[in-house]
Amino acid sequence: MAVTEASKIVRWYAYTGCLSVVPFVAEGFRLPWYGTTTVLAAALAAWGLMATLIRPAVAGVPLPAVWAAAGLLALYGTGSLMLHSAVSAGALAAGGYGWALAVAALSYQRRYRAAVRSADAASSSRSSGGATASASGPRASSWV
């Protein structure tokens, strides 16, 4: 069972969310080497997670953790931008990436459920030998 690729609009949201992390990364270059390394590693992990959610996937993604991260980042970023008059790189990155992550997670969840349903339908039709039951009972063709 493979999850299909996200729609074009969801991919654009994801790309925009990944781009919102760039100012945060640029701010990280002003830190000592270990701070820069940490910021770059976090950005690469964020981009990897987003790519996993929007590209066709074979393995499942732990959605509760993704939803928790998306909610926390979106809440922190949006709240910081609304409460403070100045725009900080961290708030912009967290808010933009958090909202994009929520959109990608919702898309992934829907595509995953559709893949599970289609796999279940395929396996049930194979196990019944093609026989189907209607509301009034089994069809005559299934008895042949």
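Predicted model: local features only at pLDDT ≥ 70, side-chain atom pairs only at ≥ 80, totals over all residues.

Biologist: Where is Ser20 found?

Modeller: Ser20 sits in the loop between H1 and helix H2, which covers 22-28.

Biologist: And is Ser20 buried or exposed?

Modeller: Buried, because its relative accessible area is 12%, and the cut-off for buried is under 20%.

Biologist: What lies 2.6 Å from a polar atom of the Ser20 side chain?

Modeller: That's the backbone oxygen of Gly17.

Biologist: OK, new topic. Which residues touch the most other members of the largest nonpolar core?

Modeller: Met50, Leu53, Ile54, Val66, Tyr97, Leu101 and Tyr108, out of 25 residues in that core. The elements giving two or more residues to this core are H1, H3, helix H4 (63-83) and H5.

Biologist: Which of them gives the most?

Modeller: H5, with 7 residues. As a general point, nonpolar side chains tend to be buried together in soluble globular proteins.

Biologist: Let's pick Met50, then. What does Met50 touch?

Modeller: Not counting residues up to four places away in sequence, Met50 touches Ala14, Cys18, Tyr97, Ala100, Leu101 and Ala104.

Biologist: How do H1 and H3 sit relative to each other, and at what angle do their axes cross?

Modeller: Their axes come within 10 Å and cross at roughly 180°. Angles over 145 degrees count as roughly antiparallel, so that is how H1 and H3 run relative to each other.

Biologist: Which residues make the contact?

Modeller: From H1 it's Val10, Arg11, Ala14, Tyr15 and Cys18, and from H3 it's Trp47, Met50 and Ile54.

Biologist: Switching to rings. How many aromatic pairs does a search of the whole structure find?

Modeller: A search of the whole structure finds 3.

Biologist: Where do Trp12 and Tyr15 lie?

Modeller: Both are in helix H1, residues 8-19, and they are 3 residues apart, about one turn of the helix.

Biologist: Now Thr36. Which helix is Thr36 in?

Modeller: Thr36 is found in helix H3, residues 33-54, and Thr36 is buried, with a relative accessible area of 13%.

Biologist: What does the side chain of Thr36 reach?

Modeller: The backbone oxygen of Gly28, at 2.8 Å. Setting aside residues up to four places away in sequence, Thr36 touches Gly28, Phe29 and Leu31.

Biologist: Last one: how many residues apart in sequence are Val116 and Val3?

Modeller: They are 113 residues apart in sequence, and 8.7 Å apart in space, C-alpha to C-alpha. Val116 is in helix H5, residues 89-127, and Val116 is partly exposed, with a relative accessible area of 28%.

Notes: Residues numbered from 1 in each chain as written. Heavy atoms only, no water. Phe/Tyr/Trp six-rings, centres within 6.5 Å; stacked < 30°, edge-to-face > 60°. Helix = DSSP H or I, 4+ residues; strand = E, 2+ residues; numbered from the N terminus. Buried < 20%, exposed > 50% of the residue type's maximum accessible area, 1.4 Å probe, protein only. Polar contact = N/O pair within 3.5 Å; in protein donor to acceptor, adjacent residues only side chain to side chain. Contact = heavy atoms within 4.5 Å. Core = buried A, V, L, I, M, F, W, Y, C linked by side-chain atoms within 4.5 Å. Axes fitted to C-alpha atoms, helices over the stretch in contact; angles between N-to-C directions. Parallel < 35°, antiparallel > 145°, perpendicular 65-115°, else oblique.
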